[in-house]
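Please examine the sequence and the three-dimensional structure shown below.

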Amino acid sequence: MYREITKKLEKWKDSSRRKPLILTGVRQCGKTYIINEFARNNFKKYAYVNFESNEKLSEIFEYDFDVKRIVRELEQNCKTRIVPGKTLVFFDEIQSCSKAITSLKYFCENFRELHVVCAGSLLGMTLNRNHTSFPVGKVSRLELYPMSFKEFVIANGREDLIQTFAEWPADREIPDLYKIPMEKMLREFYAVGGMPEAVKAWTETRDFDEVETVQKEILSDYADDFAKHAPLKEVPRIRWVWDSVPVQLAKENNKFVFSHVKKGKRSAQLEEALQWLADAGLAIKTELVDKPETPLTGFADKTYFKVYMSDMGLLRARSQISPETVFEGTGNYFRFKGAFAENYVLNKLKSLGKQPFFLAVGQYCRG
């Protein structure tokens with residue numbers, strides 16, 4: 001499937017100042033897929049290392065950080081010749097090998113002509129950054145988000161609509177010829193979201209039941225991560241906050257209130273749990289600004305914020321709103337419709353590298 005980040009990967013490939021690249025993102029947003037496609041289309045050779053599925057490969061990095069030795073051993077284990085300029089070396093699930101993360105510094109300093117790209121979960125890389133000798137200044141960073149509406153439209157075979165609107169005059173009204181199919185796909189996007197596996201299920205089957213099966217599996221995997229990565233005492237609190245996000249979005253002003261998460265619990269007891277979800281990329285905090293002036297950060301109220309989710313489809317699934325309700329736009333969906341629209345805009349701003357804020361009237365500003 002088409003992903004716009006491919007353009008940034010190609011720019012990194014051809015850069016004279018290229019450093020090893022770390023691609024992060026929430027789990028199952030398509031990191032491995034996009035690097036595999038990038039390698040297939042841009043390199044003659046490909047050395048793939050997955051530190052999660054083959055833990056023994058981590059031993060290559062235990063002895064020292066002589067990158068020429070590391071490359072020789074990778075060649076033996078990957079059964080491929082690694083040639084600078086012609087081979088892409090891909091370290092997948094790199095958060096599972098802290099020494100491999102550290103080695104990126106030495107690849108940058110001593111073997112920069114070799115194309116090295118890594119992928120890891122946003123949470124795993126955050127945890128390693130806090131506990132590992134992270135190669136600050138020696139790597140480039142990119143973050144992959146769930147598929148955007150543009151990518152969703154292209155995946156549904158309507159790239160022609162994207163091309164049409166690319167040069168659309170600002171003063172021309174959009175006729176039904178284009179408006180009706182775009183509105184239909186936007187409703188579909190609200191229901192399906194941008195997780196690649198869910199989009200694939202939709203484009204291949206047009207069956208919302210298939211989509212929901214995928215979404216429930218993803219949400220189950222996220223819940224498993226709570227117990228796997230979070231401190232034991234924080235796990236129940238993370239679950240409380242996680243369960244509270246869609247509930248609080250349904251409220252009239254959408255403000256996130258810690259006292260509404262769990263009866264008897266105060267903000268001091270829940271702030272770390274919310275920060276854990278934010279570090280994992282699963283929850284996104286947006287702060288209130290009372291004056292839309294530059295810089296917005298100078299007018300942000302850190303005590304007054306809203307919390308949204310990283311993906312529209314997962315938000316719908318966790319809200320237990322049926323896909324048919326979203327697609328048909330029935331009256332029962334009225335209260336949540338505004339929250340969905342806000343979450344849609346927020347996701348788009350995040351994918352553009354913007355820091356979103358909101359005004360008291362609920363409008364977003366770009367930071």
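At 40% relative accessibility, Arg206 counts as partly exposed; buried means under 20% relative accessible area, exposed over 50%, and partly exposed in between, with a 1.4 Å probe and protein chains only. Arg206 is found in the loop between α9 (196-205) and α10, and its phi is near 55 degrees, a positive value in a residue other than glycine. Helices (H or I, at least four residues) and strands (E, at least two) are DSSP runs, numbered from the N terminus.

This is a predicted model, in which local features need pLDDT of at least 70 and side-chain atom pairs count only at pLDDT 80 or more, while totals for chains, interfaces and linings use all residues. Residues are numbered from 1 along each chain as its sequence is written, and side-chain values use heavy atoms, with hydrogens and water left out.

Gln28 also has a positive phi, near 65 degrees, and is not a glycine. Gln28 belongs to the loop between β1 (21-25) and α2 (31-42), and its relative accessibility of 27% makes it partly exposed.

The interior may be considered next. In soluble globular proteins, nonpolar side chains tend to be buried together. A nonpolar core is a set of buried Ala, Val, Leu, Ile, Met, Phe, Trp, Tyr and Cys residues joined through side-chain atoms within 4.5 Å. The largest such core has 79 residues, of which Tyr222, Phe256, Leu277, Phe336 and Phe340 touch the most other members. Helix α10 (residues 208-229) provides the largest share of this core, seven residues. Apart from it lies another core, of 27 residues, including Phe91 and Ile101.

Asn254 is likewise buried, with a relative accessible area of 7%, and its place is in the loop between α11 (235-249) and α12 (267-279). Its side chain makes a polar contact with the side chain of Glu342 at 3.2 Å. A polar contact is a pair of N or O atoms within 3.5 Å; within protein, one must be able to donate a hydrogen and the other to accept it, and residues adjacent in sequence count only if both atoms are side-chain atoms.

Helix α3 (residues 67-78) begins with a cap: a side-chain oxygen of Asp66 lies 3.1 Å from the backbone nitrogen of Lys68. The buried residues of α3 are Val67, Arg69, Ile70, Val71, Leu74 and Glu75. After α3 comes Lys79, with a positive phi near 60 degrees.
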